[in-house]
Amino acid sequence: MVLRRWAARIVDHKATAYVLLCVILAVLLFPIFWTFITSFKSLEETFHWPPTYFPHRFTFEAYFGGRRGILTGSPVPIYLMNSLIISLTTSFVVTAAGILTAYGLVRYPFKGSKAALVLFLLTRLIPPIALLLPFYLILRYLGLINTRTGVIFYTIYLCYPLVVWMLKSFFEAFPGELIDAALVDGASRLGALLRVVIPTMATGISAVAIIAFLWTWNEFLAPFIFINSDVLKPITVGIYYFVGDELTYWNTLAAAGVLAIIPGIIFFIVAQRWIVKGLTAGMGKM
Amino acid sequence: MIGLEHILGRKGGPRSSGSRPPRRFRLSDSQFGALVSLPGLLLLLLWVGVPLVIVVVISFYRYDFIRPTKFYGFGNYIKLFHDRVFWLAVKNTFIFSLGSTFITFLFGFTSAWCLSRIDRGGTFFRTLMMLPWAVPLIVSGFIWGWMFNPTYGVINDILLKLGAIKAPLDFTADPSLAMFSVILADAWTRIPFLTILVLAGLERIPAELYEAARIDGADIFHELRHISIPMVKGPLLTGLLITSVFSFRSIDAIFSMTQGGPAKATYVLGLYTVDNIYRFLNFGRAGAISVMLLLFCSLIASAYVYFLLKEERWS
C-alpha cells in the first residue's frame, strides 16, 4: 500500500510526463538523427567500429561527391521528380473529386447516401496488396504498365476512400447557415461550394491534400511492380536498388533516405496542427 | 437589394418568362446530391469493385503461364491449404501484426497520455512525435537494417556500452531477433498515428471528472483505470484496428530489411502474394492468397466492430 502510494505520487508528478516524453522522443527520433548523421559521413567512416556519433569529417560527398554523389552522379533527381509528379497528380485528383463527393453526400443526402459513406469506410479495410494482382492485369490490359499514369491509377484507389471519409467529417462540422445564407443571396449550390465552403475550409482541405500526397509519396509496392524503366521510378523504388550485393554505400543510401523523408518532415513542421485535425476528424469517431 | 440575377430572371421571376423559358428542371436537393457525388461513387465502384471481382474470379482459375489457363474450381485453395509455406506465412503474419500493434500501443498510449498531461511545449513535442510518420516504410526498413547491422550497427554499440550484451548480436541472422527487428521497423512509423488519435480522445475528457475522482480519494492509477482508459476506448480501439489491419498486410519494412529471411522466419502473407505475382508468375495462386488476406482482414475488422457495438450497448 505504501509502495503504491509512492508509485502513484511519482507517476502523478508533472515532471514525470516530461521525462517520459523526452525518453520516448529520444528513441523515436534516433533513427532519423542517425540517417542524417550517416549521410554526412564519408564512406570509410560509415564502416568505422565503434560507430562515430558525430562525423569526424563532416562532408557532403554523399550528396555532391561527383560520380558517387546522389545529386550529381545518380538518377535520384529523376526519381524525386517522378515521386513529385505522381504524388501531386494523385493528391490533386483525389482532393478535387473527394470534395464534390463528400459535399453531395453530406450536404444533400439522398436515398442510400448513408450507405455510400459506410462503403467508403469499408473499402479502407481492404488490404491494397490483395488488389495488386487485379490492378496489374487491368493496367496491362489498358497498356499502362511501366507508366506513371498506371501508378497514379493505383494510388487514386489507395487514397480516395480515406480522403472522402476525412472530408466528410469536415463537411459535417461545417456551419450549414453559411451555405443557406449564400443560397439566399442567389448563389447556386455549386457556387456556394466554390465561393463559401472551399475558402472557409481551405486549411482543412489542404491538410487532407497533404495526407494524400504523403501517402502516395510513401508508396513502394505498386510502383515496384508496375514500373520497370529506371527513368520512371519514384524515390521509394529507386532507393531499393541502392543496396549492393557486395558493398552497400551506406552514406549515399542515407542521403537518398534523407531526401525521401524531407517532404514529410517539412509538411509536418509547417502544417502539423491541421494534419492532426484532418486525421482525428476522420477517425476519432469512425 | 435586387441582385443582378434577379433582373436577368435567373430565378424564374414573372418578368423574365417572356424572354426566357422558365426553368422547369430545377433539381431537388437530393437529386443534386446524387448528381454531384455520382462521379465519385462510380470511381469507387470501378476502382474497388472491379478489382475485387477480378481477384476472386482469378483465384478459381489455373493461371500460371506454364499450362493453358483454365477453370480450376477450388484447386488453388486446396493446394494452398496443403502448402507448408502458406501456413508458415500465416503464422508469421499474425506474430508480425500482433507484435507491431502491441509496440505501437505501448509507445502510442504512453506518449498520448504524457502529451495530455503537459502544459507547456505541447505543439513542440507533438510535432517531433509525428516525424516518424513522414518516413516511408521502405526507408524505415533500410534505416533500422543499417542500425541493426551486425558489424557496423549502432544498436550493437549502444547495447555493448550499456552492458546489456557481451558480444555484438547478429539481429538479421537469428530468426526470432529478425522478427523483432522488422516488427520494430514497422511499428516505428505507426506510433505517431495512434498517439494523435488517443490524444484527441484524452483531450475530450472533461477535467471535472478527474477533479471529482480526486475528491473521492482516487490516485493516478484509479484515474487511469476508471476514467482515462474507459473514456478513450473508442479512439483506442479504432487506432488498434487500423494499426493491426495495416501491419497485417504491410511488407515494405520486411522487404528492405530481411526479404523474408533468415530461413523464411519473417516471411509473411503479403510477401508470398508478391512473390507469386512477381517471381513465380503463378497468378491463380496469388489470387487465392489475396482472397485469404482479405478474409483475415475482415475477420480482424469484424472482431473490432463486435467489441465496439458491445461497448455502445453498455454505455
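Where in chain B is the place of B:Gln259? B:Gln259 sits in the loop between helix H12 (252-257) and helix H13 (269-278) of chain B. Its phi is positive, about 55°, although B:Gln259 is not a glycine. Helices (H or I, at least four residues) and strands (E, at least two) are DSSP runs, numbered from the N terminus.

This is a predicted model, in which local features need pLDDT of at least 70, side-chain atom pairs count only at pLDDT 80 or more, and totals for chains, interfaces and linings use all residues. Residues are numbered from 1 along each chain as its sequence is written, while chains are lettered from A and ligands numbered from 1 in the order in which they are written.

**Confidence**

The predictor gives the complex an ipTM of 0.88 and a pTM of 0.88. Chain B averages a pLDDT (the predictor's confidence in each residue, from 0 to 100) of 84. In chain B, 90% of the residues score at least 70. Confidence in chain B is highest in helix H4 (residues 84-117), at a mean of 94. It is lowest in helix H1 (residues 4-8) of chain B, at a mean of 42. Over residues 1-20 of chain B, pLDDT stays under 50. The model has 14 contacts beyond four places in sequence for that stretch. Where pLDDT is low, the predicted coordinates should not be read in detail.

**The interface between the chains**

Contact here means that the C-beta atoms of two residues, placed from the backbone, lie within 7 Å. By that criterion, 81 residues of chain B touch 81 residues of chain A. Helix H2 (residues 29-58) of chain B gives the most to chain B's side, with 19 residues. That side divides into 57 nonpolar, 16 polar and 8 charged residues. Nonpolar covers Ala, Val, Leu, Ile, Met, Phe, Trp, Tyr, Cys and Pro; charged covers Asp, Glu, Lys and Arg; the others, Gly among them, are polar.

**Two helix pairs**

Two packed helices are described by the angle between their axes and the distance between the axes. Axes are lines fitted to C-alpha atoms, for helices over the stretch in contact, and angles run from 0 to 180 degrees between N-to-C directions. Helix H8 (residues 148-173) of chain A takes part in both pairs below.

| Pair | Axis distance | Crossing angle | Handedness |
|---|---|---|---|
| H8(A) and H2(B) | within 10 Å | roughly 140° | left-handed |
| H8(A) and H11(A) | within 10 Å | roughly 155° | right-handed |

A crossing is left-handed if the near helix is turned anticlockwise from the far one by less than a right angle, and right-handed if clockwise. H8(A) and H2(B) are therefore oblique. H8(A) and H11(A) are therefore roughly antiparallel. Angles under 35 degrees count as roughly parallel, over 145 as roughly antiparallel, 65 to 115 as roughly perpendicular and the rest as oblique.

Between H8(A) and H2(B), the contact has 9 nonpolar, 1 polar and no charged residues. Within chain A, H8(A) meets helix H11 (residues 202-217). Residues on the H8(A) side include A:Leu158, A:Met166 and A:Phe170. Those on the H11(A) side include A:Val208 and A:Trp215. This contact has 9 nonpolar, 3 polar and no charged residues.

**Domains of chain A**

The assignment, automatic or from a database, gives domain 1 (40-73) and domain 2 (76-283). Their centres, taken over C-alpha atoms, are 34 Å apart. In chain A, 9 residues of domain 1 are in contact with 9 residues of domain 2. Helix H3 (43-46) and helix H4 (61-64) of chain A each supply at least two residues of domain 1's side. In the loop between H3 and H4 of chain A lies A:Pro50. A cis peptide bond joins A:Trp49 and A:Pro50, with omega about -5°.
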